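Hi,

Here is the structure I promised to pass on. Have a look at it first, and then read on for what turned up.

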Amino acid sequence: MFGNKKTSDFQIYCGKDKILIPCHRSILEARSKYFMINRKENKFNSIYFNNFDSEIVKPIIKFFYNGKFKFDKQKFDEYFKFANEIKSKEIQIKIELEIQSIFNIENILEIYFKTQKINSKNLLQNCEKFIFQNIQFIISNPNFGKYLNQNQITNFIGLISLNQNLPNQFQIIEQIKTKMESKSSKKIDKIN
């Protein structure tokens, strides 16, 4: 049924290339308030999501048909933004739970900074909780800071300084600064 052009009565076009996803209005409306509202406001049988590629839209629409949601966890923020766009709290919760299940000291900062750009207070709070519970492991990890830019480092230090319940708060901040200065000097040595 999903993707069947012959039986579909609604078309979704995705991205700049306007990739077509044929679907059924009744299924979309049953799973998302956005499509119900859209029907009242828009008498057309199609919609364009220019800011979302088909690789983001298709798994979510497919979920509306079969209840299975598989997604590229590296792009969770894009899926979450689309779920937010179409007002699908169900998908947002699935994404949050799936991402929380893969938290580790290697990826938590990347997830944290991506989460800051989306509207997920729950996921952000859980990232912060994981960070505070594992702060020593995170900053002692050899890859700590490897992919962070200066704004993210400053943001991270700000997060640490705001947590009044964190033992050794100032020592942790000094450790972070020392580690980042050490990495900066190593980069300069490699250039010279």
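Which strands does helix H3 lie across? Helix H3 (residues 54-66) lies across S1 and S2, and runs at about 5° to S2. Keep in mind that this is a predicted model.

Now the sheet itself. It is an open one of three strands, ordered S2-S1-S3, with mixed pairing. Strand S2 (19-23) and strand S3 (46-49) are the edge strands, each pairing on one side only. On average, neighbouring strands of this sheet are turned by 20° against each other, direction ignored. Strand S1 (residues 10-14) and S3 run parallel and are joined by four bridges.

Next, helix H4 (residues 76-85). Its buried residues are Phe76, Asp77, Tyr79, Phe80, Phe82 and Ala83. What do they pack against? The buried residues of H4 pack against S3, H3, helix H5 (89-100), helix H6 (108-115) and helix H7 (121-133). After H4 comes Lys87, with a positive phi near 55°.

On to the charged pairs. The count comes to five salt bridges, and here are three of them.

- Glu55 and Lys75 meet through their side chains at 2.5 Å, N to O. Glu55 is in helix H3 and Lys75 in the loop between H3 and H4, so this pair ties together parts that are 20 residues apart in sequence. Both are partly exposed, Glu55 with a relative accessible area of 39% and Lys75 with 25%.
- Lys73 and Glu98 form a salt bridge at 3.4 Å, N to O. This pair links distant parts of the chain, with Lys73 in the loop between H3 and H4 and Glu98 in helix H5, 25 residues apart. Lys73 counts as partly exposed at 30% relative accessibility, and Glu98 counts as partly exposed at 32%.
- Arg25 pairs with Glu29, their closest N and O atoms being 3.9 Å apart. They are separated by about one helical turn because they sit four residues apart in helix H1 (residues 25-31). Arg25 counts as buried at 6% relative accessibility, and so does Glu29 at 15%.

Last one: is Ile139 buried or exposed? Ile139, in helix H8 (residues 135-140), counts as buried because its relative accessibility is 4%. Leaving out residues up to four places away in sequence, Ile139 touches Phe144, Phe156, Ile172, Gln175, Ile176 and Lys179. Ile139 and Ile172 are 33 residues apart in sequence, and their C-alpha atoms are 8.3 Å apart in space.

Cheers

Conventions
Residues are numbered from 1 along each chain as its sequence is written. This is a predicted model: local features need pLDDT of at least 70, side-chain atom pairs count only at pLDDT 80 or more; totals for chains, interfaces and linings use all residues. Side-chain values use heavy atoms; hydrogens and water are left out. Helices (H or I, at least four residues) and strands (E, at least two) are DSSP runs, numbered from the N terminus. Buried means under 20% relative accessible area, exposed over 50%, partly exposed in between (1.4 Å probe, protein chains only). Contact means heavy atoms within 4.5 Å. Two strands pair if DSSP finds at least two bridges between them. Axes are lines fitted to C-alpha atoms, for helices over the stretch in contact, and angles run from 0 to 180 degrees between N-to-C directions. A salt bridge is a side-chain nitrogen of Lys or Arg within 4 Å of a carboxyl oxygen of Asp or Glu.
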